[in-house]
Amino acid sequence: MSRNPHRWWALALIALAQFMVIMDTSIIGVALPKMQNDLGFTPSNLSWVFNAYVVAFGGLLLLGGRLSDLYGARRIFATGWAVLLAGSAAAGLAGTVELELAARAVQGVGSALIAPSALTLLMMLFGNRPAELTRALALYGAAAPAGGTAGVFLGGVITEYVSWPWVFYLNIPIAVLALIATPALMPAGGNRPGSLDLAGALTVTGGLAAAVYAIVRAPEAGWNTASTWLTLAGPTVLLAAFLTIQARRRQPLMRLGIFTSRNLTAANLAQLLLGAAWIPMWFFLNLYLQQVLGFSAFPSGAALLPMTVLIMVGMIVLAPRVIGRFGTKTTLVAGLAVLAAGLGWLALIRPTGSYLTDVLPASLVAALGMALAFIPSLGTALSSARPEEGGLASGIVNTSYQIGSALGLAAMTALAAANGADALGDPAALTDGYSAALLGAAGIALAAAVLAAITLTGRDGKPAATQPENSPATR
């Protein structure tokens with residue numbers, strides 16, 4: 001395959017796509033208190049501004065990956081930007097809770113088309129060049145947490161000095177730019193024979209949405225009530241139906257045999273738990289800064305910029321060197337352990353604390369852990385699949401992270417509420433709730449480190465991205 005002369009410009013657009021879809025999960029964080037006042041959200045329902053996006057995003061990623069394999073990654077990439085543009089305009093114009101959540105879900109649909117097709121395009125451009133692939137994955141990986149934390153900063157600036165609808169309008173000119181640049185920069189690819197598994201897409205999306213809803217409402221209804229158990233039964237039935245459909249269809253949405261790759265399964269489990277630990281930290285740290293320490297929107301966003309800088313440097317400079325020196329497994333396990341330590345430190349926040357002592361040092365430790373854990377888990381998940389299933393592998397790993405994020409946030413929101421986080425205006429009670437959620441996130445990260453150590457297999461200490469499990473060299 002000849003080298004694409006525009007591949008690094010194409011990578012810039014792919015990284016921008018990753019930056020944007022993750023930024024859309026975080027840019028609303030600082031704006032949440034004002035959205036709550038303007039639209040009438042209750043404290044327990046406020047997390048659905050995040051979850052409406054993430055559930056649609058995570059639930060449809062497998063379909064997005066399958067569409068990329070069938071109809072060409074470039075076409076699906078462009079379609080996703082068009083849908084994201086429409087959803088962003090609707091989210092900014094929404095005047096009620098219901099319209100806002102519906103628009104956030106449309107944004108999630110657009111991102112579900114963008115994310116797996118972007119990763120597929122990256123593998124098309126760099127998959128046959130191991131040295132360049134490692135660098136490309138590092139730049140792509142850095143765009144995710146950078147988008148998350150930059151979203152917090154931009155959300156603070158926009159909310160403080162303009163108005164919260166502009167956190168959504170910001171997407172519109174970027175989407176227009178992406179739609180113009182895509183035909184010139186991206187490889188075309190081609191259609192492949194096959195059919196869409198719409199029944200699978202509906203059951204997995206419905207099951208994941210129902211699971212998040214059940215966990216969010218459980219603290220209000222009571223965990224041991226009949227209504228809670230009935231609500232939890234819904235997603236169980238839907239997800240069981242999804243697995244049954246996948247096992248019986250000739251052309252399923254997700255070929256279950258892909259999980260016979262031990263490293264692919266282990267890496268996706270690590271990504272799921274990584275999202276479940278990282279996103280609650282971002283969510284509750286924002287609330288702690290604003291509702292306990294009294295930061296306004298702009299200072300709250302700016303307070304998390306040091307994490308962004310460390311994560312970008314860590315992913316682009318440090319993580320590839322550590323992987324090259326110690327191998328994928330060691331780097332991943334160490335990163336998750338460092339993340340757990342940082343989250344445990346953050347759980348020591350005080351109602352009379354300060355940013356410099358209670359937040360900054362611990363958040364930097366957590367950011368270092370994220371930088372070390374994200375790249376090896378992502379690279380392993382992608383390189384352990386067949387080349388013709390690149391879209392599927394991309395969809396699975398994105399699904400793992402996003403659904404882990406949604407379920408982790410739902411569970412930690414329930415934990416925080418049970419420990420006092422619903423007591424608005426009471427700094428001590430709020431801090432107790434946020435601290436419990438951060439400690440729970442630390443437990444998730446620690447469990448991820450243990451599971452990665454047990455389940456991931458090493459390959460001569462080499463980065464997974466440079467030695468695919470299904471390549472001739474390792475078969």
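Helices here are DSSP runs of at least four residues, numbered from the N terminus. The model shown is predicted.

Figure 1. Helix α11 covers residues 262-292. Its 31 residues should span 45 Å at 1.5 Å a residue. Just after α11 comes Gly-294, which takes a positive phi of about 80 degrees.

**Figure 2. Phe-284, a buried residue of α11.** Phe-284 lies in helix α11. Its relative accessible area is 3%. Buried means under 20%, so Phe-284 counts as buried. Setting aside residues up to four places away in sequence, Phe-284 touches Leu-409, Met-412, Thr-413, Ala-416, Tyr-434 and Ala-437. Val-54 is 230 residues from Phe-284 along the chain. The C-alpha atoms of Val-54 and Phe-284 are separated by 17 Å.

**Figure 3. Helix α11 packs with helix α14.** Helix α14 runs over residues 328-346. The axes of α11 and α14 are 12 Å apart, and the packing angle is about 25 degrees. Angles under 35 degrees count as roughly parallel, so α11 and α14 are roughly parallel to each other. Their crossing is left-handed. On the α11 side, the contact is made by Ala-270, Leu-274, Ala-277, Trp-278, Met-281 and Leu-285. On the α14 side, Leu-332, Leu-336, Leu-339, Leu-343 and Leu-346 take part. In an α-helix, residues three or four places apart point the same way, because there are 3.6 residues a turn.

**Figure 4. Helix α1 crosses helix α8.** Helix α1 holds residues 7-26, and helix α8 holds residues 171-185. Their axes come within 11 Å and cross at roughly 150 degrees. Angles over 145 degrees count as roughly antiparallel, so α1 is roughly antiparallel to α8. The crossing of α1 past α8 is left-handed. From α1, the contact uses Trp-9, Ala-10, Leu-13, Leu-16, Met-20, Met-23 and Asp-24. From α8, the partners are Asn-171, Ile-174, Ala-178, Ala-181, Thr-182 and Leu-185.

**Figure 5. A salt bridge joins Asp-358 and Arg-350.** A search of the whole structure finds one salt bridge. Side chains of opposite charge can pair when their charged atoms come close. Here the side chains of Asp-358 and Arg-350 meet, at 2.7 Å from N to O. Asp-358 is buried, with a relative accessible area of 7%. Arg-350 is partly exposed, at 40%.

Terms used: Residues are numbered from 1 along each chain as its sequence is written. This is a predicted model: local features need pLDDT of at least 70, side-chain atom pairs count only at pLDDT 80 or more; totals for chains, interfaces and linings use all residues. Side-chain values use heavy atoms; hydrogens and water are left out. A salt bridge is a side-chain nitrogen of Lys or Arg within 4 Å of a carboxyl oxygen of Asp or Glu. Buried means under 20% relative accessible area, exposed over 50%, partly exposed in between (1.4 Å probe, protein chains only). Helices (H or I, at least four residues) and strands (E, at least two) are DSSP runs, numbered from the N terminus. The expected span of a helix is 1.5 Å times one less than its number of residues. Axes are lines fitted to C-alpha atoms, for helices over the stretch in contact, and angles run from 0 to 180 degrees between N-to-C directions. Angles under 35 degrees count as roughly parallel, over 145 as roughly antiparallel, 65 to 115 as roughly perpendicular and the rest as oblique. A crossing is left-handed if the near helix is turned anticlockwise from the far one by less than a right angle, and right-handed if clockwise. Contact means heavy atoms within 4.5 Å.
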